[in-house]
Amino acid sequence: MLHGLWTPGSGLLLWADGLATQGPGAADDEEPGNAVDRILRRKFRHRATVPMPAPHTVDMVEWPAVALAPLDAADFLLEMPPRDPRVSGDLKYLAHVARGIDRWAMAGRVVPGLRRADGDWWPRWELVGGEQQRAWRTELALAMPTVQRYGGDVRTILDDMLAELTDPIVRRHLDVSEPGDRMLAALVRGDTFDEGTAKLSGDLDRWRASLKVDEPELVLRLLEPEGDEVPDEALWRLQVCLRLEGEAPEPVPLHRTDRARLQLGVAKLTEAVAAYPRLEDVPSAPDSLDLMLPTAVVIDLITHGATALQEKGIHLLLPRAWKTASPSMRLKVTAPASPISAEDRSVGKDQLLEYEWELAIGDEVLTADEMARLVNAKSGLVRVRGEWVRADPDVLSRAARYVAERSGGGERGILDLLQELIDDDLRDLPVEDIDASGWVRALLDENARPESVGVPAGLNATLRPYQQRGLDWLAFMSDAGLGAVLADDMGLGKTVQLLALLAHERSDTPTLLVCPMSVVGNWQREAARFVPSLRVLVHHGSGRSSGAEFAAAVAGSDLVITTYALLARDLGHLKEQPWRRIVLDEAQHVKNPKTSQARAARSIVADHRVALTGTPVENRLDELRAVLDFVNRGILGSESMFRKRFVVPIERDKDENAVARLRAITSPFVLRRVKTDPTVIGDLPDKVEMTMRANLTAEQAALYRAVVDDMLEQIKDKEGIKRKGAVLAALTKLKQVCNHPAHFLHDGSTVLKRGRHRSGKLGLIEDIVDSVIAEGEKVLLFTQFREFGDLVVPYLAERFDTRVPFLHGGVSKSGRDAMVADFQSVEGPPVMVLSLKAGGTGLNLTAANHVVHMDRWWNPAVENQATDRAFRIGQRRDVQVRKLVCVGTLEEKIDLMIATKQELADLAVGNGENWVTEMSTEQLSDLLRLGDEAVGE
């Protein structure tokens with residue numbers, strides 16, 4: 001018997017019991033047969049978990065299955081013979097749903113919609129809705145087979161099934177010829193629509209709603225009490241109305257209303273209560289369906305309920321004079337047109353500016369009398385200038401006090417003024433607008449770009465539009481004497497923008513550039529390529545100069561390049577030289593302000609400071625403070641103050657006000673562009689990321705359980721640092737086990753055992769490399785363990801009869817450059833293995849369009865940085881990124897958690913692996929326990 005199960009987000013799973021299934025080729029000389037025959041001849045590669053009746057219970061049983069995406073599922077369900085004795089009842093139900101959709105499509109009861117998914121707009125055919133379709137959906141929900149109900153909520157399953165099947169079923173009936181309209185063409189082909197917008201999506205939704213001419217729509221109208229002030233005990237009438245198209249809303253009285261209209265009103269009000277449950281317990285009016293709302297419920301209705309009702313297509317009409325705006329703080333700053341003076345280039349930083357604080361409700365700036373009235377309102381609803389306003393008395397009183405204390409304005413320097421934004425008195429108060437004039441406007445207003453400096457003479461490069469904007473911004477910050485963080489994504493050309501700044505400025509005093517040793521050669525080559533006239537001095541190596549010789553060399557240079565290690569070691573020599581600017585490339589190297597490198601960077605005296613980084617925050621907000629403290633000393637306060645005001649509220653409490661305040665003070669000094677922004681660059685291909693899972697071998701599973709048991713025994717009676725150390729050591733060991741038993745055992749044993757893989761992950765890596773090489777393409781394999789690279793490299797070299805270079809921290813600069821050049825060449829090797837840290841920055845490896853993270857760092861910023869070796873300017877093919885995890889292990893479980901590290905949108909991503917050490921023993925056991933599905937065959 002052939003069975004079917006619809007899985008939301010995945011599609012249709014088919015499995016068979018009591019029937020023999022044949023793999024491909026088993027029936028080559030037979031007739032094609034019907035849809036059921038074709039399914040039974042396929043290989044059942046997937047797994048379906050199905051509830052099966054057992055004595056006194058239900059067992060979840062796993063069956064081999066065939067998985068069909070919605071497009072193939074629609075074809076199968078409509079072509080499947082419904083009376084075939086091999087078709088089960090649950091599969092007949094799914095075919096019944098598909099045929100129902102087909103009938104609605106033939107009747108024209110479908111409309112186009114536009115939905116956002118995976119960063120693109122997708123035109124999709126959708127059911128138009130209405131009373132008849134709602135009744136049909138109700139029948140489907142009641143008839144849903146038991147096996148299908150075990151998949152989750154009935155409504156959720158049915159909604160997903162109808163949404164996913166409607167589009168491909170409608171397209172079966174469309175003319176395949178190319179339509180002239182681009183959106184219609186996308187609908188016919190099932191493609192994305194580049195011109196899609198949120199407005200167009202909303203317009204289509206409203207059009208669909210307007211087509212439900214067969215029934216009136218529900219309208220809820222809120223009526224205000226009498227008088228200006230609203231006592232706490234007052235009740236607001238929420239009038240329940242029905243409205244036909246083109247007519248005014250009509251109330252639904254309990255008497256003098258026909259039975260069908262009253263039943264429809266009750267049904268629609270029931271839907272509204274389901275969407276916003278707070279309406280369930282409020283009193284009803286005696287003569288109608290109207291509800292009587294206490295003031296507290298009215299406030300919540302406006303704040304939360306309106307959105308919930310709108311999502312269900314229910315209109316809420318507020319009193320005509322009603323304002324739902326929130327209070328906000330505003331800052332007005334007055335400055336002269338330019339910060340430049342002939343005597344002092346940094347006068348802008350120290351120039352006194354006039355400023356004034358204001359408090360506003362929506363777009364209205366409040367007077368002192370109006371603020372006092374709002375502060376005295378206890379109910380949270382009052383009239384202001386003839387409009388109803390909801391006010392938070394606590395926020396308003398604190399905001400009014402802050403503004404009153406600073407009435408009359410004042411004078412501050414720009415850095416001092418911005419520091420005021422992190423004052424404790426402003427905590428939790430929304431600062432939504434900083435209105436500036438003069439040169440400060442170009443700094444604070446994201447819509448006011450600095451004046452363009454044009455293409456500098458001597459620059460041998462064509463700047464892309466966003467790169468020209470970067471140069472203009474750097475030149476403006478330099479003229480104002482303000483430190484700058486250029487935080488463009490890896491591969492967007494931070495190097496050429498900085499070199500363009502040097503070409504534009506042509507200062508008599510040199511710039512000191514500090515970078516990792518791995519990219520010293522890259523800076524040399526890029527400087528010679530883009531600004532050939534630039535005099536470059538590399539201060540590196542055992543033969544580097546010192547004393548008077550070094551001073552003379554610096555004086556004859558425009559750009560001095562050194563490394564972070566030498567910055568601390570040769571600090572005495574470097575501090576003696578006059579510097580126009582100090583630049584930190586890969587500035588995350590100073591993310592710990594207590595290191596000798598960070599202290600040395602801050603101690604160098606220079607007129608201007610620039611930090612270049614593709615990852616302004618890797619793990620913690622403290623890192624952002626460290627970088628900004630380098631470019632503009634003290635702007636974010638002390639470490640303890642910053643932690644109190646930002647780190648704890650944002651990382652622990654997800655405080656949006658704290659996020660807004662931090663962005664307000666940091667955004668003027670950070671220019672951040674990402675490759676995925678279509679306004680930045682349009683000629684990069686797509687990056688497709690996927691997580692691939694490998695099963696452990698029996699040997700790996702035994703080692704994994706042993707490590708977990710040993711760790712749990714070790715931490716049983718330990719606390720503090722000893723417990724953390726034991727947990728972190730176990731995490732490292734478990735990663736090694738997932739990679740390969742020989743990696744964990746360090747015994748030099750063979751990769752294979754009796755011709756079979758000892759590691760499921762290495763077997764998967766081999767399959768990936770095999771397919772990449774077969775396509776004539778190249779792949780980068782990243783690992784955080786040099787030992788694993790040493791194990792993988794010789795195996796892959798022998799297996800594929802090719803050179804496999806391994807770039808790690810022990811490779812010399814010359815060896816690294818030669819390795820990269822060889823890989824980038826047409827005749828170069830198809831595979832390169834890289835240690836995550838040594839190969840994660842400063843390299844251009846666009847010859848590869850496949851990236852594999854063989855083991856996970858559990859830090860998206862670091863992994864993306866490594867991926868950007870291939871996904872950068874110069875890449876002309878789609879880049880496929882595969883992240884490998886082992887099924888049922890901590891790798892798979894933590895992979896599911898990594899997404900939560902993106903919550904603050906590049907502001908913070910968590911705290912490395914230390915959060916694992918803070919788990920209780922029970923939580924650790926649950927996280928690390930090996931799942932039953934972990935071991936493969």
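Mentor: Let us begin with Arg506, which counts as partly exposed because its relative accessibility is 35%. Please keep in mind throughout that this is a predicted model. Arg506 sits in the loop that lies between helix H17 (494–505) and strand E21 (511–515), and its phi is near 50 degrees, a positive value in a residue other than glycine. That deserves a second look, because most residues other than glycine have a negative phi.

Asp801 can be set beside it, for its phi is likewise near 50 degrees, a positive value although the residue is not glycine. Asp801 is also in a loop, in this case between H30 and strand E31 (806–807), and with a relative accessibility of 72% it counts as exposed, because the cut-off for that word is over 50%.

Two packed helices are described by the angle between their axes and the distance between the axes. Helix H29 (residues 760–774) and helix H30 (residues 786–800) have axes that come within 11 Å and cross at roughly 45 degrees, which makes H29 oblique to H30. The crossing of H29 past H30 is right-handed. Where they meet, Leu762, Ile765, Glu766, Val769, Asp770 and Ile773 are the residues of H29, and those of H30 include Phe788, Leu791, Tyr795 and Phe800.

Helix H2 (residues 70–79) packs with helix H6 (residues 154–171) at an angle of about 70 degrees, with the axes 8 Å apart, and that makes H2 roughly perpendicular to H6. H2, too, passes H6 in a right-handed crossing. Pro70, Leu71, Ala73, Ala74, Leu77 and Leu78 are the residues of H2 that meet H6, where their partners include Leu165, Pro168 and Ile169. Within H2, the residues Ala73, Ala74, Phe76 and Leu77 are buried, and the elements that cover the buried residues of H2 include helix H1 (35–40), strand E4 (57–68), helix H3 (89–106) and H6.

In soluble globular proteins, nonpolar side chains tend to be buried together. The largest nonpolar core here has 99 residues, and among those with the most contacts inside it are Met329, Trp523 and Leu584. Leu584 touches, among others, Val514, Tyr564, Ala601 and Phe630, if residues up to four places away in sequence are not counted. A second, separate core has 42 residues, including Leu2, Ala35, Ile101 and Ala105.

Finally, consider the whole chain, which has 35 helices and 34 strands. Of its 937 residues, 51% count as buried. Among the contacts with a separation of 6 or more, 71% are between residues 24 or more positions apart.

Notes
Residues numbered from 1 in each chain as written. Predicted model: local features only at pLDDT ≥ 70, side-chain atom pairs only at ≥ 80, totals over all residues. Heavy atoms only, no water. Core = buried A, V, L, I, M, F, W, Y, C linked by side-chain atoms within 4.5 Å. Buried < 20%, exposed > 50% of the residue type's maximum accessible area, 1.4 Å probe, protein only. Contact = heavy atoms within 4.5 Å. Axes fitted to C-alpha atoms, helices over the stretch in contact; angles between N-to-C directions. Helix = DSSP H or I, 4+ residues; strand = E, 2+ residues; numbered from the N terminus. Parallel < 35°, antiparallel > 145°, perpendicular 65-115°, else oblique. Left-handed = near helix turned anticlockwise from the far one by under 90°.
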